[in-house]
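Colleague: Pick one part of this fold and take me through it closely, please. I'd like to hear where it sits and what surrounds it.

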Amino acid sequence: MKLLWLMLFYISFPLWACLHASHGVHGMVLLQVENQLIASHLPFPAGKHAHQIVLQISSDMPKLVLQALKEKRLVTLEPQPFALNDLQQGKLKSFNAQVYLGHFERGGKDLGTVTVQVQQKLLDKAVGAVAEQNAVYRIPLTQGELLVKAISGEGAVDEISYQAKDKKAEQLYFESADFAPEAK
């Protein structure tokens, strides 16, 4: 009988873990800055995706992806489902993801599967954590800094720029559709 209960526990535990409130597909935009790969969680204004998370990652990306990043083209990741809380708490050290040229939910071209290793969490803020409309999170890098616009909620934009020392900021990513007020 104990064996039966143990078997049921080991079978049901992974299913229970999948029911965690933050479990799901957490898409990311992929950037290359200062020869580093940066992944930024694609947040929504509310719910389990309402977190701005920026990661320094490593991965063996296909040459086509590296070329697209060099050309500042949109590249996104569609990771296998995981609990966002695990990523936030540092428990998730790597994950597999489909990499897309373009947006994975908007007709992007699937370029294959990659394994992503999380090197460092650079930012982890809840959407709406900053009340100021134009607040910016500054993430220092070796030769400059990432400028991540704080998302205040519905009607905001997801914007990431890079500013090299003594240079003008260069926009790397901009998204407003995911934050547009829903039609009433």
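Predicted model: local features only at pLDDT ≥ 70, side-chain atom pairs only at ≥ 80, totals over all residues.

Modeller: A strand here is a DSSP run of E, at least two residues long, and strands are numbered from the N terminus. Val75 belongs to strand S5, residues 75-79. Its relative accessible area is 1%, under the 20% cut-off, so Val75 counts as buried.

Who's around it? Beyond four places in sequence, Val75 contacts Met28, Val29 and Leu30, then Val65, Ala68 and Leu69, and also Val99, Tyr100, Leu101 and Gly102. Met28 is 47 residues away along the chain, yet the two C-alpha atoms are 8.7 Å apart. Across in S7, Leu101 stands opposite Val75. S5 and S7 run antiparallel and are joined by five bridges.

One more stop: His103 lies in the loop between S7 (94-101) and S8 (109-126). His103 counts as buried because its relative accessibility is 5%. Its side chain reaches the backbone nitrogen of Glu105 at 3.0 Å. Setting aside residues up to four places away in sequence, His103 touches Leu42, Leu74, Thr76 and Gly108.

Terms used:
Residues numbered from 1 in each chain as written. Heavy atoms only, no water. Helix = DSSP H or I, 4+ residues; strand = E, 2+ residues; numbered from the N terminus. Buried < 20%, exposed > 50% of the residue type's maximum accessible area, 1.4 Å probe, protein only. Polar contact = N/O pair within 3.5 Å; in protein donor to acceptor, adjacent residues only side chain to side chain. Contact = heavy atoms within 4.5 Å. Pairing = 2+ DSSP bridges.
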